[in-house]
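This report walks through one protein model, from the whole chain down to single residues. Please keep the sequence and the 3D view at hand while reading.

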Amino acid sequence: MTISPDPVAGQAVKAADRAHVFHSWSAQSLIDPLAVAGAEGSYFWDYEGKRYLDFSSQLVNTNIGHQHPKVVAAIQEQAAKLCTFAPAFAIEARSEAARLIAERTPGDLDKIFFTNGGAEANENAIRMARLHTGRQKVLSTYRSYHGATANAIALTGDPRRWPNETGVSGIVHFWGPYPYRSNFHAENEAQECERALAHLEATLAFEGPQTVAAIILETVVGTAGILIPPAGYLAGVREICDRHGIVFILDEVMAGFGRTGEWFAADHWGVTPDLLTFAKGVNSGYVPLGGVAISGEIAATFAERPFPGGLTYSGHPLACASAVATINAMAEEGIVENAKHIGETLIGPELRAMAERHPSIGEVRGLGVFWAVELVRNRETREPLTPYNAVGAANAPMAELAAECKKRGLWPFTNMNRFHVVPPCTVSEAEVKEGLAILDEVLTLTDQHTV
Ligand SMILES: Cc1ncc(COP(=O)(O)O)c(C=O)c1O
């Protein structure tokens, strides 16, 4: 890793950014984006030469780490061969990416519709479900994020939905399981599972199950809290969908491609949805790519009848070539196994040990390289360290945590009253120890906010 500081170049990058780049999700005058000079593996660095350990995998997408040489080479080779070609043609990189993905998706999800990212994947999954069933309504959970396009943001439960709502989406929200903050007053996981399923049944009864096209869930809820479904929940939702002829969609945009220590999170529970959406880890975001894996039954709906959806860049050759190289490298280098091993032997035990030392840790939960640490003011009452959707002074303890991590060379992922430990699936034991040691130090500050 060669880092050559160049502050003057950094200032130019920053100045042009501030003059002309309009950033996602932000009040444009209130942000201060870091100018990034380069990245490799689990690290990136700025133009001053300061290096950061990336415990966020950017937006939880660089599962294979930064600049994996095999993926970079595959993009270069594909660029030299065929940069772009319309979706209507059969192209080697596209065919091979679809084959490799279909080989890994659960059950008979053997047809792949490619998109440019996760939101479009969910958008098209809903389109398929509505056309397949002839019904309009879709159910999703309050604790969720499904993307920022029209339907995907309406499906989303988190506050990013609020300013985007049209009120005519045909989407209904319900509560999924969350044992630590149970909506059902459950005292254990089995109760949480049973009551969450009963709540879903009741919601359906009042919505009219015959009007519902699909239920969509993140297999493991990502940004909204890394919520792992209790044993039996996903199988229960599968059974409810089957009984009412409802399409079951699993959103594996964040949880898929090794993040949980399996190729797909659904593999932990042996559940097969009718549609599975993916993006992010499929090629670590080296070139934008997402998609929908489609069951035989839903694919058959569109055997004689045209599917009324498409994108100029569906199955883009550069994106598909990078997916082929990513999936092959993950298989050859045991990257999914590494994620599982690191989670079981290091991140989980170390975070639990930290919870013994730090009164501000309320709960630790996760799988693979997909962990949440929920921070509280008080362990007994479980009062969150910061209120839901806090801004400004109310969010100060979390803002301080993030700033202190960055000062010490760790790039964290924070959301509400949580930080997530989501390094690349390629992360080494030494890197995990380095990052957790920094968090251990910084949590002494957070502890000062406990009562
Ligand atoms: C679970 C989930 N679904 C969908 C999306 C949207 O993906 P994209 O930003 O690629 O549109 C995200 C993005 O974070 C996600 O985490």
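## Basis

The model is predicted: local features need pLDDT of at least 70, side-chain atom pairs count only at pLDDT 80 or more, and totals for chains, interfaces and linings use all residues. Residues are numbered from 1 along each chain as its sequence is written, and side-chain values use heavy atoms, with hydrogens and water left out.

## The whole protein

The protein has 13 helices and 16 strands. Helices (H or I, at least four residues) and strands (E, at least two) are DSSP runs, numbered from the N terminus. The radius of gyration is 22 Å, close to the 22 Å that the globule rule gives for 451 residues, so the protein is as compact as a globular protein of that length. This radius is taken over C-alpha atoms, and the globule rule is 2.2 Å times the number of residues to the power 0.38. Along the principal axes, the C-alpha atoms fill a box of roughly 60 × 60 × 45 Å.

Of the 451 residues, 54% count as buried. Buried means under 20% relative accessible area, exposed means over 50%, and partly exposed lies in between (1.4 Å probe, protein chains only). The accessible surface comes to about 18900 Å², and carbon and sulfur atoms hold 54% of that surface. These areas come from the Shrake-Rupley method with a 1.4 Å probe; for residues, only the protein chains shown count as cover.

Contact means heavy atoms within 4.5 Å. Among the contacts with a separation of 6 or more, 72% are between residues 24 or more positions apart.

The protein has 36 positive and 51 negative charges, and their mean positions are 3 Å apart. Lys and Arg count as positive and Asp and Glu as negative, while His and the chain ends are not counted. The place of a charge is taken as NZ of Lys, CZ of Arg, CG of Asp or CD of Glu.

## Strands and their pairing

Strands of a sheet pair through backbone hydrogen bonds, either parallel or antiparallel. Here two strands pair if DSSP finds at least two bridges between them.

The bridge partner of F44 in β3 is Y52.

Strand β7 (residues 212–218) runs parallel to β8, with 5 bridges between them. Strand β5 (residues 137–141) is also parallel to β7, through 3 bridges. I215 has L139 as a bridge partner, and F248 of β8 is also a bridge partner of I215. I216 stands opposite I249 in β8.

How many of the residues of β7 are buried? The count is 7 of the 7, so β7 is largely enclosed by the rest of the structure. In β8 (residues 247–251), 5 of the 5 residues are buried. Both faces of β8 are covered, with V247, I249 and D251 on one side and F248 and L250 on the other.

## Single residues

| Residue | Relative accessibility | Class |
|---|---|---|
| E92 | 58% | exposed |
| I226 | 0% | buried |
| K280 | 22% | partly exposed |
| E429 | 36% | partly exposed |

E92 belongs to helix α4 (residues 92–104). Its C-alpha is 12 Å from that of A319, a residue 227 positions away in sequence.

E429 is part of helix α13 (residues 429–447). Leaving out residues up to four places away in sequence, E429 touches H341, I342 and L346. F113 is 316 residues from E429 in sequence, and the two C-alpha atoms are 37 Å apart.

Most residues other than glycine have a negative phi. Phi of I226 is near 45 degrees, a positive value, and I226 lies in the loop between β7 and α8 (233–244). Phi of K280 is near 25 degrees, also positive; K280 is in the loop between β9 (275–278) and β10 (290–294).
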